[in-house]
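Please look through the sequence and the 3D structure shown here, and then read the report that follows.

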Amino acid sequence: MSEADVVARLRDGMTIGIGGWGSRRKPMSLVRAILRSQLRDLTIVSYGGPDVGLLCASGKARRVVYGFVSLDSIPLEPHFRRAREEGRIEAVEYDEGMLQWGLYAASLRLPFLPTRAGLGSDVLTINPHLSLVRSPYADGEELVAMPAIELDAALIHMNRADARGNGQYLGPDLYFDDLFCGAARERFMSCERIVESGELLREGTFHTLRINRSMIDGVVEAPNGAHFTECPPDYGRDEAFQREYAATARDPGQWETFKKTYLELPDEAAYQRAVRAR
Amino acid sequence: MTGATRAEICAVAIAETFRGDGETLVSPIGTLPSIGARLARLTFEPDLLLTDGVAMLLASVPPLGGEPHEPPVVEGWLPYRSVFDTLWAGRRHVMMGATQVDRFGNQNIACIGPFARPKAQLLGMRGAPGNTLNHPTSYWVPNHGPRVFVEKVDVVSGVGYDRAARLGERARRFHEIRRVVSNLGVFDFATSSRTMRLASVHPGVSVAQVVESTGFALEIARDVPETRSPTDLELEILRTRLDPLGAGQKELGG
């Protein structure tokens, strides 16, 4: 598949989960394809990084479900902040463990999972849809019933994959990419390189094969596709580019220039050329 | 050894918050918390579990910043999923930052102003709600002032003692706000009303200065002790091993 093929399977108003964490191993080529599309009114579920910032800045996201949004080396995501401060998006903010529980519940086809996280904090007041549940056992403990977060689509990025949808991460952390896939009706995976199934164990042990083809509906080969987020061991974060991106939140003129240079392009290949031409 | 800097005093005060933690995962957020946790590990708490800040548990204790002299020795793997499991199991002590903190230890890192339309959006809740209900939590404030130590936080991310008390005994049984360490002093909640108490002032800081810099009435004992100074061994470890480039002082703006 191409990035455009993935976008063609998405619809206005969908709830889309995005894998990775902060500014780490994000399926950015798929995010950029959404930015080029006519899609609108999206709900984005993410351990947020520049995926959330870009979708907020471009007006694609109407609602964001998150535990945090950060660029890691730049702690606060400036485009997300602006969208929040200007009241342009609806925010559903959870504890980051609750977010995991919501995805896990959806992936297990359960209506909710109980957790202590959230009790006593303003997570409950800013999310009036959350309910408590009492343990039916002798302890009678009252817990938060974290509702399943069901996704229409999940987007993740892996280091390697085969054409049938077996994915491999070669970095230090899977994050919650398997749960994003589990929670979604349609699952799309980009990867740095598509290899033969028989080559998957060449670069990592079997422990790295945590995404299998039953969890995936489409594979996109996207070299440097996580740019400018990190994708170790293939590449680190492009800090200079990230700084440039972050600086554009301060000035509408700079943001327009950034959009023209990097986002309003015909395809991902043009983006990669623009990045190389810097 | 020449006299300790404020950053070195803070590093020791932070290390002291981990005293007695034993074989516990320590998650220090920020530069001086990382230095302090590593100092505790190299001195009086050798069993602490520390990560490289990513996903590896380290058997070695590398310096903060600069190139380590030798490659770090990995003793385990702790991706985020395992961190969450450890957190819920309670075998963890986190030291987080606090954009605002109130007298009961309620902490805010989510936003300033009303949540619906914040004046300033910050990080988001992160793990604070779950951390505070599941295991000991401490806070580090490098810029003690009345805008940080406030009467009432705008949004409660980390749960303080007043809210925990209202939850009932079962829900609050793992709740502990251990200490708040700032650039001016050390604070705890060892009072009958569980409100914040000035436990010690750093050398060179007066009680009046702390009171002036705090936006609510602190509990203050008649004789407030001075935060203990680093031992010669601690100073040597800090200067030659953990923070040779002075990253700690930079976090204090110096």
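What is the mean pLDDT of chain A? The mean pLDDT of chain A is 98, and 100% of its residues reach 70 or more, where pLDDT is the predictor's confidence in each residue, from 0 to 100. This is a predicted model, in which local features need pLDDT of at least 70, side-chain atom pairs count only at pLDDT 80 or more, and totals for chains, interfaces and linings use all residues. Residues are numbered from 1 along each chain as its sequence is written, chains are lettered from A and ligands numbered from 1 in the order in which they are written, and side-chain values use heavy atoms, leaving out hydrogens and water.

| Element of chain A | Residues | Mean pLDDT |
|---|---|---|
| Helix 9 | 252-263 | 97 (lowest) |
| Strand 1 | 15-18 | 99 (highest) |

In chain B, helix 2 (residues 31-42) is mostly covered, as 10 of its 12 residues are buried, buried meaning under 20% relative accessible area, exposed over 50% and partly exposed in between (1.4 Å probe, protein chains only). Among these buried residues are Leu32(B), Ile35(B) and Arg38(B).

In chain A, Gly165(A) lies in the loop between strand 8 (151-161) and strand 9 (167-168), and Gly165(A) is buried, with a relative accessible area of 0%. Not counting residues up to four places away in sequence, Gly165(A) touches Met189(A), Ile211(A), Asn212(A), Arg213(A), Ile216(A) and Val219(A), where contact means heavy atoms within 4.5 Å.

Methods. Helix = DSSP H or I, 4+ residues; strand = E, 2+ residues; numbered from the N terminus.
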